[in-house]
Amino acid sequence: MGILEKISEIEKEIARTQKNKATEYHLGLLKAKLAKYRSQLLEPSKKSEKGEGFDVLKSGDARVALIGFPSVGKSTLLSTLTATESEAASYEFTTLTCIPGVIDYRGANIQLLDLPGIIEGAAQGKGRGRQVIAVARTADLVLMMLDATKQDVQRTLLERELESVGIRLNKRKPNIYFKVKKGGGLSFNSTCPLTRVDEKLVQMILHEYKIFNAEVLFREDVGADELIDVICANRVYLPCVYVYNKIDQISIEEVDRIARQENCVVVSCNMKLNLDFLLEELWEHLALIRVYTKKPGQPPDFDDGLILRRGCNVEHVCHAIHRTLAQTFKYALVWGTSTKYSPQRVGLQHIMNDEDVIQVVKK
């Protein structure tokens, strides 16, 4: 029996098993086996030759992967938002390789990758699913393009495909400390009451991965799925914006319903509706900020700002200006919303806000 058949058998068994207290150990074991087989399924793609056009060099301040089923308007969106012309036609699979474009927004260069349409079963290698998913794993954000006329069917299928290859959308990493040891058996602890797992289940899952000596500390109440993610250690956690295209073909009530959902944006690429709001959402989800530099005795340089991530400090700004600047740093003067008064004299650990102005003083 091949890996695909084994995966299919386990998925069927999980579907027909009732979820209750008596079956939780059995289900936990099945999930561990399923995750192991899926990892094996993805491994050969590393050794195989790269697909033509898929090895796109990462550039710009952020990378966004445009994912969706065939004929939902991905190429039209790329052509509209960037200067790149991607072939768009009314038939499916117009795009066959990865086509990069650059969105110039608020001084940031955001790399947008138009990936070929995903079909059901892409995680198993159907279509060019494996290569598409491999590129998506390197992105900072997933832009999931959906057809508004097909309700939520496409979204459910795509989420399932990405979930099965270890891409977690709009989720954070489980707060579990896990370390494999050389001896001493299983050390199991938690800092909060656990309702979904116990020591026996954790031990069974670890044994499935041939791990008999480990330290496990749960810092939050999570289940077997999250523990398996931590053990596999190959999961990527990406923010995702769901873009519903073709809103000109549905009722205003349906547009209103979709637009009120979390992380959703409604657009019409053909009629160029709501694309400015989509760019705002991209900026927000990528957590980008602009920091402007100032030379002594001169006005700030508002034409060429530094693009950094939210939560960055003065040290990150120094590295962005020049890699040796932090070594000769004395102090910095900062104007903006991150300070109590302007200018404020700050050190390397001061957190910067969007549109702050900084003047670095060297030793």
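Is Cys312 buried or exposed at 4% relative accessibility? Select Cys312: the residue counts as buried, where buried means under 20% relative accessible area, exposed means over 50%, and partly exposed lies in between (1.4 Å probe, protein chains only).

This is a predicted model, in which local features need pLDDT of at least 70 and side-chain atom pairs count only at pLDDT 80 or more, while totals for chains, interfaces and linings use all residues. Residues are numbered from 1 along each chain as its sequence is written, and side-chain values use heavy atoms, with hydrogens and water left out.

**The whole chain**

Show the protein chain as a cartoon. The secondary structure comes to 11 helices and 16 strands; helices (H or I, at least four residues) and strands (E, at least two) are DSSP runs, numbered from the N terminus. Of the 363 residues, 46% count as buried. The chain exposes about 19,100 Å², and carbon and sulfur atoms supply 50% of that area. Accessible areas come from the Shrake-Rupley method with a 1.4 Å probe; for residues, only the protein chains shown count as cover.

Contacts can be displayed next, a contact being heavy atoms within 4.5 Å. Among those between residues at least 6 apart in sequence, 65% join residues at least 24 apart.

**Cysteines**

A disulfide is a pair of cysteine sulfur atoms within 2.5 Å, and by this rule the count comes to 0. Select Cys264, which is in no disulfide: the nearest cysteine sulfur, that of Cys240, is 8.7 Å away. Cys264 is buried, with a relative accessible area of 6%.

**Helix H9**

Select residues 252-259, which make up helix H9. Which residues of H9 are buried? They are Glu254, Val255 and Ile258. These three cover an arc of only 100° around the axis, which puts them on the same side of H9; the arc is that of the directions from the helix axis to the C-beta atoms. An α-helix has 3.6 residues a turn, so residues three or four places apart point the same way.

On the other side of H9, Ile252 and Glu253 are exposed.

Arg257 counts as partly exposed at 36% relative accessibility, whereas Glu254 is buried at 17%.

**Salt bridges elsewhere**

How many salt bridges does a search of the whole structure find? The search finds 16. Side chains of opposite charge can pair when their charged atoms come close.

Select Arg196 and Glu226, which form a salt bridge with the closest N and O atoms 3.8 Å apart. Arg196 lies in the loop between strand E7 (186-190) and helix H7 (199-208), and Glu226 in helix H8 (residues 224-232), so the pair ties together parts that are 30 residues apart in sequence. Arg196 is partly exposed, at 44% relative accessibility; Glu226 is also partly exposed, at 22%.

Move to Arg290 and Glu355, whose side chains meet in a salt bridge of 2.9 Å, N to O. Arg290 is in strand E12 (residues 288-293) and Glu355 in the loop between strand E15 (344-346) and strand E16 (356-362), so this pair ties together parts that are 65 residues apart in sequence. Arg290 counts as buried at 11% relative accessibility, while Glu355 is partly exposed at 43%.

**Ser268**

Go to the loop between E11 and helix H10 (275-286), where Ser268 is found. Ser268 is buried, with a relative accessible area of 1%. Its side chain reaches the backbone nitrogen of Met271 at 3.4 Å. Leaving aside neighbours within four places in sequence, Ser268 is in contact with Asn245, Lys246, Ile247, Asp248 and Leu273.

**Glu161**

End at helix H6 (residues 153-164), which holds Glu161. Glu161 counts as buried at 10% relative accessibility. Select Ile133 as well: Glu161 and Ile133 are 28 residues apart in sequence and 9.1 Å apart in space, C-alpha to C-alpha.

Methods
Salt bridge = Lys/Arg side-chain N within 4 Å of Asp/Glu carboxyl O. Polar contact = N/O pair within 3.5 Å; in protein donor to acceptor, adjacent residues only side chain to side chain.
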